[in-house]
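Hi,

Here is the structure I said I would pass on to you. Have a look at it first, and then read my notes below.

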Amino acid sequence: MVTALDPELTYTGKKQPKPGERDTRTNRPLFPYLPSKDIIEVVNLAIFLERPLLLKGEPGCGKTRLAQAVAYELNLPFEAWYVKSTSRAQDGLYTYDTVGRLRDGQLAANKLLKSEDLNRISDPVTYIKWGPLGRAFKSERRTVLLIDEIDKADIDFPNDLLLELDELRFVVEELDQEIEARFPPIVFITSNDEKDLPDAFLRRCLFHYIAFPEHERLVMILQGMFPETSEELSNKAVKRFLELRYEMQKLGGFTTKKASTSELIDWFRVLQRYPKDEALSKLEGKLPFASVLVKSWEDHQRYLQQTEPDLL
Amino acid sequence: MDKLRKIINPPKNSKLDTEHLKALPVETLVMMISNHQEILDQLQQQQQQTENHHQLLEQLIQQQQIHQQEIERLKSIITGTTNSSTTWQYSSLDRRELPLFELYSCLQDAGLPLGLGEYVQVIKALQVGFGLPNQQGLSRLCRALWVKNSEEEHVFNYHFSKIIRVNSASFSDIAKTSTQQSTLHREVAYVEKIIAQTTRKGLIGIATMSIILLTALIGLKFFPNSQETSLNSENSQTTELEETGDPDSEEFSTPEPVNGEAFLRPESEKSSQPESPSPTKPPPQNIPQVSVVLLSSLLGSMLLGTGVSWLLLQKVTVAKKTQPDDGIDSGSTTKTNISRPEMNTIGREDIQIAETISKTEEQENAVASAKALGQNEYFPLTRRQMKQGWRYLRQNIREGPKVELDIEDTVNQIGRQGLFIKPVMRPSRSNRTDLVFLVDQDGSMVPFQSLTQRLVDTAKRAGHLANASVYYFHNCPVNYLYHDSLRQEAEPLKSFLNERFSLRTSLVIISDAGAARGSVNPIRIKKTKAFLTQLNQYVRYLVWLNPLPQERWRHTAAGEIAKFVPMYEVNRTGFQRAIEVLRGRYKPITKRLEVLP
């Protein structure tokens with residue numbers, strides 16, 4: 001009963017993509033992801049216990065990217081399911097193309113189909129299109145599955161997934177077949193905490209709240225994404241950013257939207273294009289490129305007018 | 001075994017003398033050799049078997065030791081000491097000795113939805129090596145598996161610290177790792193540190209300036225006087241200086257390097273004092289002496305004043321620094337006593353504690369929410385029951401234009417007609433419940449504020465309804481309804497009736513209807529009746545929730561009002577009946593007429 005941790009499936013957070021490396025499937029550039037120790041621990045726990053991991057945190061703190069980073073390091077196939085408000089749980093498993101079947105039936109009835117197609121249409125498997133969860137179950141290896149922003153969907157959505165997540169199997173009624181996962185997928189579920197999730201669903205998941213990183217970690221993240229920039233500039237930018245965040249929190253309360261990690265990265269991307277001295281001087285005065293960080297008119301008025309009296 | 005014994009202990013008479021052996025023929029000797037050889041082989045075989053048994057025995061003993069060590073290790077983790085001083089009597093593995101079982105059952109009682117599977121998972125993870133190095137790791141492991149939101153986190157921290165028997169210092173360490181609170185506090189602490197540093201620097205600057213001024217003044221005072229004063233006055237002055245010098249040393253001991261220099265100057269003054277006036281013998285002049293004495297005493301008091309105020313300022317900055325830092329030891333908790341009363345009231349509000357910037361200690365939060373979450377008897381309805389009730393009101397019905405393709409019906413139609421002529425369409429589903437709360441605020445409803453807040457909150461957040469809005473009134477809504485709980489944003493009732501309330505609206509009035517006051521107020525009854533008759537024409541379903549139990553309605557306005565509106569108390573059955581009304585199934589209870597004479 002006691003099984004040891006599989007060394008191949010241990011996430012360390014150390015393997016990072018090299019600069020300029022691109023994703024093999026989508027051909028988009030890859031950036032390093034630097035997780036904190038808590039996150040690494042809980043990811044390994046989820047992998048070992050074969051339970052889904054529910055991630056909550058501020059928008060822009062890197063919940064979605066964690067799943068991609070884990071898939072990259074462990075070199076496993078990656079399936080993503082971006083949930084919409086109209087999503088149904090069934091669509092994630094499979095969809096049955098009834099209209100296509102009807103069309104083919106009509107064509108066959110009118111003798112417009114070739115003979116080799118006739119074999120195809122009599123087998124209902126051709127009309128089954130597997131969704132992300134279905135593909136993860138059928139795969140030959142453990143897949144990393146991301147269910148993004150699950151609280152956007154209706155309340156029935158997580159309730160419908162209970163059996164699938166618990167016992168890792170589902171029934172395809174049209175084929176009268178049960179699909180069981182041979183290799184349990186590593187499931188990451190992200191939520192923006194807009195709506196409560198049902199208790200029966202929460203019981204089956206592990207939970208982790210991704211905290212906003214500290215100064216040192218933010219500097220590391222910036223250095224990782226933009227390796228050519230100087231550390232002094234990163235330090236100064238992070239310091240300024242944290243001051244802004246503190247102001248936002250003090251004035252707005254715990255629940256207002258504060259500037260997040262992804263906004264910091266975008267802001268810094270603009271800032272580092274300037275030569276170092278110019279960028280440093282920009283950081284001294286009024287908040288540069290405020291439109292990247294400050295997103296409401298109130299905040300705009302507040303912060304852009306506040307920083308000016310400081311120029312003493 | 002007998003055979004073995006016979007072989008090992010051969011009977012004595014079979015042993016022959018070597019003399020007799022020499023007499024025997026060779027064949028018998030050879031036969032005897034083979035006999036002995038056989039016996040030898042058998043003995044060797046037996047030896048090997050017992051050796052195998054020995055090995056097995058050793059292995060068994062080893063396994064036992066390993067498991068025993070594991071149990072010891074787990075127990076030592078729980079007690080927090082590597083050499084557990086408590087004696088654990090365990091002959092058989094009792095329920096009490098299962099690792100973390102106490103914590104698990106405590107959390108279950110506190111209301112967390114934990115099943116046996118969750119406990120087994122924690123044990124599995126512990127066996128493999130998660131959560132081991134220290135209590136923080138263990139706390140993180142349990143939190144990942146057992147805690148699913150911020151309220152439960154408070155409860156968990158509280159129980160964990162209680163059971164794992166740590167002192168208050170490391171409790172706050174564990175609480176520090178609980179992320180949602182610590183992110184807020186960490187950021188605040190970081191920036192406040194910077195602020196504290198700058199203010200301290202400013203204070204040190206002011207202190208040094210004042211010291212320099214004072215020493216200059218004293219020096220000026222004494223140099224002109226040194227020629228005039230006698231030895232007596234010198235002595236008195238030096239003693240004065242010593243007096244003023246001592247407060248110096250007490251107050252300005254901490255910023256040392258600066259003070260060291262400044263301190264040296266009065267010392268040097270003092271040392272130079274006895275030398276310079278000794279050769280001269282000035283005539284005693286009382287008047288300048290008195291003035292000098294007055295001035296020096298004034299200066300001394302000023303010094304004392306600045307020093308004391310500076311110390312106070314330091315204390316405040318230190319307190320501000322340690323407050324958000326959560327890594328506080330019991331000594332410094334006394335410093336936060338200044339703002340404690342405010343913190344208490346904030347902390348004891350409803351469970352949306354995470355949303356308030358409260359610099360309360362983790363313990364205050366945890367105790368408050370542990371009570372509120374654990375003791376379900378405090379609220380007559382559990383949060384879960386409320387949620388489920390509101391969810392029951394969801395009507396995902398198909399309404400409106402027919403835009404969706406109804407595949408099944410189409411296929412059935414083809415089957416019936418034999419031809420595919422036209423597809424069958426149906427309208428799409430939409431979430432159409434419109435729930436409106438009218439909440440009686442202040443006055444007699446003050447004790448029920450948290451209950452109403454919770455009802456509204458669960459409806460908004462967890463009910464998954466299309467619309468859940470709240471409006472406020474006081475005692476009886478006559479002309480205006482308010483958008484906010486402070487009753488400052490008014491809107492005339494007529495605009496509500498015409499614009500906001502539709503024939504789809506389900507209305508819930510939460511009010512004590514005069515039952516809390518305990519008297520029959522005919523004006524109130526009349527006004528409420530008028531209001532309700534008006535409402536009934538504009539709204540689909542209407543129900544009244546009364547926080548007081550039904551026994552208290554008798555002989556009060558509530559009893560009268562209950563006659564012409566479905567009024568229910570806020571407990572499980574009452575709430576369920578209210579939900580039934582809101583779904584359109586109103587069955588007037590004939591029994592109610594019997595209750596109210």
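Predicted model: local features only at pLDDT ≥ 70, side-chain atom pairs only at ≥ 80, totals over all residues.

Let's start with strand β7 of chain B, residues 505–510. It is mostly covered, with six of its six residues buried. If you follow the side chains, Thr505(B), Leu507(B) and Ile509(B) point one way from β7(B). Ser506(B), Val508(B) and Ile510(B) point the other way, and all of these residues are buried.

What does β7(B) pair with? One partner is strand β3 of chain B (residues 434–440), which runs parallel to β7(B) and is joined to it by six bridges. To find that pairing on screen, look for Leu435(B), whose bridge partner in β7(B) is Ser506(B). β7(B) also pairs with strand β8 of chain B (residues 541–546), again in the parallel sense, over five bridges. Here you can look for Ile510(B), which has Leu545(B) as its bridge partner in β8(B). Between β7(B) and β8(B) the chain passes through helix α19 of chain B (residues 522–538), making a right-handed β-α-β crossover.

Now for the surface. A nonpolar patch there is formed by Val99(A) together with Leu405(B), Ile407(B), Val411(B) and Met425(B). Together they have about 360 Å² of accessible area. Leu405(B), one of these residues, belongs to strand β1 of chain B, residues 396–405. Why does Leu405(B) count as partly exposed? Because its relative accessibility is 34%, and partly exposed covers what lies between under 20% (buried) and over 50% (exposed).

Cheers

Note on methods: Residues numbered from 1 in each chain as written. Chains lettered and ligands numbered in written order. Heavy atoms only, no water. Patch = residues over 30% accessible without salt bridge, like charges linked within 9 Å, V, L, I, M, F, W, Y side chains within 5 Å. Areas by Shrake-Rupley, 256 points an atom, 1.4 Å probe, with all protein chains shown as cover. Salt bridge = Lys/Arg side-chain N within 4 Å of Asp/Glu carboxyl O. Helix = DSSP H or I, 4+ residues; strand = E, 2+ residues; numbered from the N terminus. Buried < 20%, exposed > 50% of the residue type's maximum accessible area, 1.4 Å probe, protein only. Pairing = 2+ DSSP bridges. Right-handed = clockwise from strand over helix to strand, strands pointing away.
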